[in-house]
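I'm opening my notebook on this one.

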Amino acid sequence: MKGNEALAVAAIRYGADAYFGYPITPQSEVLETLEALKPWETTGMVVLQAESEVAAVNMVYAGAACGKTVLTSTSSPGFSLMQEGMSYMAASEVPALMINVMRGGPGLGTIHPSQADYFQACKGGGHGDYHAIVLAPSSVQEMVDFVALGWDLAFKYRCVSMILADGVVGQMMEKVVLPEQRPRRTEEEIRKLCPWAVTGRKDMRPRNVITSLELDDDIMEANNHRFQATYREIEKNETRCELINTEDCDYLIVAFGSPARISMKAMEMAREQGYKVGLARPITLWPFPVNQIREAAKNVKGILCVELATGQMIEDVKLAIECSKPVEHFGRLGGNVPAPDEILNALHEKFLDK
Amino acid sequence: MKEEIIIAGFGGQGVLSMGKILAYSGLMEEKEVTWMPSYGPEQRGGTANVTVILSDERISSPILNTYDTVVVLNQQSLDRFESKVKPGGVLIYDSYGIHNPPTRDDIRVYRIDATEATFELKNSKSYNMIVLGALLKIKPMVTLENVLRGLKKSLPERHWHLLPMNEKALQKGMSLVKD
């Protein structure tokens, strides 16, 4: 199954209430697959092509405010248009799932894979002090698994979860194990799980208001402290990172998404040449796996960050190890993807042959 | 077992679907598989290629530098990928439209006349199945039975009546390979 198709199927199987989106390469198959599978005839899930990304994100905001399980998917230029919605949803503390299958930028850019939206996703692409949980799949199976994980975390912390994938993971096909079909939540279940949601005042409970507007500075300051407390809680509980061959490694590659897969091959090639190279693959980009990276880097002589960008995640790696080791960057840009030997050559050039 | 393959040719030759059927066939044998296409505007009338990996173990990179097996279906693809065959690996090419045949002597080179065979079968749409048949004769990485199961899985039910014709094309492709 293709990565993008996997996202669509996983959303239906989770028991999603609605998808709102606007097509853009390289993730148009998400909407296309949903339209082909017609979940409105089976689970009752709504699939709607909005008139623009701005409309789509605000439909997601509205659905989330009602405690519904809603998502959208887009690619880089579309995600830029959604930033206002991201900030509003964060301020309103509503749970939603946002998917960005990144393509080469800036601007309208190319349609090929990229990871240059790392800062936008992890450092708050919209205005204000907020964070979304950012999950970085590197296989089609993770495209399936992170849909469920993303929603579980979003509802647990009342925050926005993001899947930050790249065009490679979206376009490639791999073997997947799909979860069982879950029923959509009933109105009663939503009332119970989301007592804050706007669900209609059947029992004349106190009024629920979902808004990001607060004209009293002191209340807004208290809101910010509450958001930050949630973020600290997420940082404490939810960092995830895969470590491969890091117990004995002299050099460490740090990469996420498809570059992590390509780096894994480069690591295997380096090991065949007799170099002890390990790989750390951040799965949550926010919260960044600071402790895991620090631990993996403890005894290494150097770290190579491989990104489809000019060096964005590298800043978090340097912060994680407090610049205690040499950290170098290797990346391709604009939609180009490196082959394994390019990464191996970079390892040689920057560390092994020095 | 691990087999790293690239199939390259013109858009419309069925390169991507041939790779897909191969990947599904691997799936039927409980193998790990990846299928990574070139995607974008170059698929419309231009060149297309797909990397397929079949393995007993977890697959690292879906993108490769060199391949165990390279299948090329036009001159451009031959020029681009001949140097990417691992030493001792296999290069399969369709002779149709090739004016500069491969020159390497450290690999096994197979010429198959697949385009001509489509004229014989009077069915140009079965082209990629002929090529797949030849590939499987040279490198029996999956059984014919599982290819047919993979084919059934990748075709919508309304096209299942075409399965016997595809099997015939696979057999034809196998018969094209001479040692």
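My entries follow, beginning with the ground rules.

**Ground rules.** This is a predicted model, where local features need pLDDT of at least 70, side-chain atom pairs count only at pLDDT 80 or more, and totals for chains, interfaces and linings use all residues. Residues are numbered from 1 along each chain as its sequence is written, chains are lettered from A and ligands numbered from 1 in the order in which they are written, and side-chain values use heavy atoms, with hydrogens and water left out.

**Helix 3 of chain A.** I looked up residues 53–65 and found 13 residues reaching 18 Å from the first C-alpha to the last, close to the 18 Å expected at 1.5 Å a residue. (Helices are DSSP runs of H or I with at least four residues, strands are E runs of at least two, and both are numbered from the N terminus; the expected span is 1.5 Å times one less than the number of residues.)

Its buried residues include A:Val57, A:Val60 and A:Tyr61. (Buried means under 20% relative accessible area, exposed over 50%, partly exposed in between, with a 1.4 Å probe and protein chains only.) What covers the buried residues of this helix includes strand 1 (18–21), strand 3 (70–74) and helix 5 (83–92) of chain A.

At the start, a side-chain oxygen of A:Ser52 reaches to within 3.3 Å of the backbone nitrogen of A:Val54. Just after the helix, A:Gly67 takes a positive phi of about 80°.

**A helix pair in chain B.** The axes (lines fitted to C-alpha atoms over the stretch in contact, with angles from 0 to 180 degrees between N-to-C directions) of helix 3 (114–121) and helix 6 (163–176) of chain B come within 11 Å and cross at roughly 135°. That makes helix 3 of chain B oblique to helix 6 of chain B. (Under 35 degrees is roughly parallel, over 145 roughly antiparallel, 65 to 115 roughly perpendicular, and the rest oblique.) Contact means heavy atoms within 4.5 Å, and the residues that meet include B:Ala117 and B:Leu121 from helix 3 of chain B, and B:Ala169 and B:Leu176 from helix 6 of chain B.

Which peptide bonds did I note as cis? The one from A:Gly105 to A:Pro106 is cis, with omega near 0°, and so is the one from A:Trp286 to A:Pro287.

I also noted A:Glu93, a residue other than glycine with a positive phi near 50°. A:Glu93 is buried, at 14% relative accessible area. A:Arg158 has phi near 50°, but A:Arg158 is partly exposed at 28%.

Technical notes
A polar contact is a pair of N or O atoms within 3.5 Å; within protein, one must be able to donate a hydrogen and the other to accept it, and residues adjacent in sequence count only if both atoms are side-chain atoms.
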